[in-house]
Amino acid sequence: MSFEKIIFGLALILGNVLPAQVLAEPDGSALTNMVLQDCGSCHGMTLKGGLGPALLPENLEALSVEAVAAIIRDGVGGTAMPPWKDLLSDEEVLWISRHLKSGTFVQGPGAAEN
């Protein structure tokens, strides 16, 4: 096999594998579970409030998706809200933010998996 064919084959393989890994959609099932369990431990298991404020769409209405993402990513100083940037990727933070704003976490089991 020629060197050019090997390089071409590797380019095809890497061209198909790497973008899929880099641009992979966040795991909605795992993130839903994390939100309901981890976030729910402070914000209430139904996200209606607890130690932390409610995370229902009407409570987040004034905030943009990006503002919600910044709170998740960086936490809120002087409160119990920790930064999650070391545990979640930017894509995962945005996924959670969009789903919090849309209310899919409170519409029943599995609602936010996609």
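Two residues are in contact when they have heavy atoms within 4.5 Å of each other. Among contacts in the protein chain between residues at least 6 apart in sequence, 51% join residues at least 24 apart. The structure is a predicted model, in which local features need pLDDT of at least 70, side-chain atom pairs count only at pLDDT 80 or more, and totals for chains, interfaces and linings use all residues. Residues are numbered from 1 along each chain as its sequence is written, and side-chain values use heavy atoms, leaving out hydrogens and water.

**Overall architecture**

- The protein chain contains five helices and zero strands, where helices (H or I, at least four residues) and strands (E, at least two) are DSSP runs numbered from the N terminus.
- Read from the N terminus, the order of elements is α-α-α-α-α.
- Of the 114 residues in the protein chain, 28% are buried; buried means under 20% relative accessible area, exposed over 50%, and partly exposed in between (1.4 Å probe, protein chains only).
- The protein chain has an accessible surface of about 7,300 Å², and carbon and sulfur atoms account for 61% of it; such areas come from the Shrake-Rupley method with a 1.4 Å probe, and for residues only the protein chains shown count as cover.

**The nonpolar core**

- A nonpolar core is a set of buried Ala, Val, Leu, Ile, Met, Phe, Trp, Tyr and Cys residues joined through side-chain atoms within 4.5 Å.
- The largest such core has 17 residues, and those with the most contacts inside it are Met34, Val35, Ile72, Leu88, Ile96, Leu100 and Phe105.
- Helix 2 (28–43), helix 4 (65–74) and helix 5 (90–102) are the elements that give two or more residues to this core.
- In soluble globular proteins, nonpolar side chains tend to be buried together.
- Isoleucine 96 lies in helix 5 and counts as buried, at 2% relative accessibility.
- Beyond its neighbours within four places in sequence, isoleucine 96 is in contact with Leu31, Met34, Val35, Ile72, Leu88 and Phe105.
- Isoleucine 96 and leucine 31 are 65 residues apart along the chain, yet their C-alpha atoms are separated by 7.2 Å.
- Leucine 88, with neighbours within four places in sequence again left aside, is in contact with Leu31, Met34, Ile72, Val93 and Ile96.

- The expected span of a helix is 1.5 Å times one less than its number of residues.
- Helix 5 has 13 residues and reaches 18 Å from its first C-alpha to its last, close to the expected 18 Å.
- Helix 2 spans only 19 Å between its end C-alpha atoms, whereas a straight helix of 16 residues would span 22 Å.
- The buried residues of helix 2 are Gly28, Leu31, Thr32, Met34, Val35, Cys39, Gly40 and His43, and they pack against helix 5.
- In helix 5, the buried residues are Val93, Trp95, Ile96, Ser97, His99 and Leu100; what covers them includes helix 2, helix 3 (57–60) and helix 4.

**Pocket and cavity**

- On a 1 Å grid over the protein atoms alone, a cavity is a set of points where a 1.4 Å probe fits but cannot get out, and a pocket is an open set with protein on both sides within 12 Å along at least five of seven lines; lining residues have an atom within 4 Å of a point.
- The largest pocket holds about 450 Å³ of space, a volume being the space filled by probe spheres set on the points, which are joined across faces, edges and corners.
- Its lining has 24 residues, of which His43, Pro53, Leu55, Ile71 and Met81 lie nearest the centre of the pocket.
- Helix 2 gives the most to this lining, with five residues.
- Histidine 43 lies in helix 2 and is buried, with a relative accessible area of 10%.
- Not counting residues up to four places away in sequence, histidine 43 touches Lys48, Gly49, Gly50, Gly52, Pro53, Leu55 and Met81.
- The whole structure has one cavity of 30 Å³ or more, and Met34, Cys39, Ile72, Met81, Trp84 and Leu88 line the largest cavity.

**Backbone angles**

- Most residues other than glycine have a negative phi.
- Leucine 47 is not a glycine, although its phi is positive, about 65 degrees.
- Leucine 47 is found in the loop between helix 2 and helix 3 and is buried, with a relative accessible area of 1%.
- Glycine 103, which follows helix 5, has a positive phi near 85 degrees.
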